[in-house]
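Please look at the sequence and the model shown here, and keep both at hand while reading the short report below.

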Amino acid sequence: MDEQTARLVTFYCTKFFTEVDTTGADSTTLRLQLRQWLHNYKNSKGEELAVSTKRNAAGYIGRYCKNSGYMTKDDLTELMNAFRPKKVSWSEKALSDENVTRILKYMSYEHIYSFSKTRDLLATMIMLTVGLRIRQIIELK
């Protein structure tokens, strides 16, 4: 384990075990306490943690608890599944027709055309209408 990961494990484990009374908690109770603590955890600025940070913290503390014998492997798996990223369907990620129109209208607003502006406008139109990624547009010949 590298030094930065070790510091994060120490930080989150210390915070969790000082803020939550885990005396006599079995594996399932510990998993539920940890999950609830991460959902309610606020950083020093009073902001919630990002989902990826919550997942990382759950992994750090959960693996520590599993390796120490406080949590079973099954409870660790359930804990990690609780913080699994949600799959978003393609239609929710894609821009709406109105947003595509707004972007193209904004890009073609000025009437002074140059080769680079026309090229960028055409590349953006192809990207938005066909659904290509920026890298795929750049690699077009």
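This is a predicted model: local features need pLDDT of at least 70, side-chain atom pairs count only at pLDDT 80 or more; totals for chains, interfaces and linings use all residues.

## Aromatic pairs

A pair of aromatic rings is described by the distance of the centres and the angle of the planes. The structure holds seven such pairs. One of them joins F17 and Y64, whose rings lie 6.1 Å apart from centre to centre, with 65° between the planes, and this pair counts as edge-to-face because the angle is over 60 degrees.

F17 belongs to helix α1, which covers residues 3-19, while Y64 belongs to helix α3, which covers residues 51-68, so the pair ties together parts that are 47 residues apart in sequence. F17 has a relative accessible area of 30% and is therefore partly exposed, and Y64, with a relative accessibility of 37%, is also described as partly exposed.

Another aromatic pair is formed by W37 and Y41, where the centres are 4.9 Å apart and the planes make an angle of 55°, an arrangement described as tilted. Both of these residues, W37 and Y41, are buried.

## The ring cluster

Which residues do the ring pairs link into a cluster? The cluster consists of F11, Y12, F16, F17, W37, Y41, Y60 and Y64, which are connected through ring pairs.

## The surroundings of D75

D75 is found in helix α4, which covers residues 73-82. Its relative accessible area is 8%, and D75 is buried because this value is under 20%. When the neighbours within four places in sequence are left aside, D75 is in contact with S27, T28 and R31.

Notes. Residues are numbered from 1 along each chain as its sequence is written. Side-chain values use heavy atoms; hydrogens and water are left out. Rings of Phe, Tyr and Trp (its six-membered ring) pair if their centres lie within 6.5 Å; planes under 30 degrees apart count as stacked, over 60 as edge-to-face and the rest as tilted. Helices (H or I, at least four residues) and strands (E, at least two) are DSSP runs, numbered from the N terminus. Buried means under 20% relative accessible area, exposed over 50%, partly exposed in between (1.4 Å probe, protein chains only). Contact means heavy atoms within 4.5 Å.
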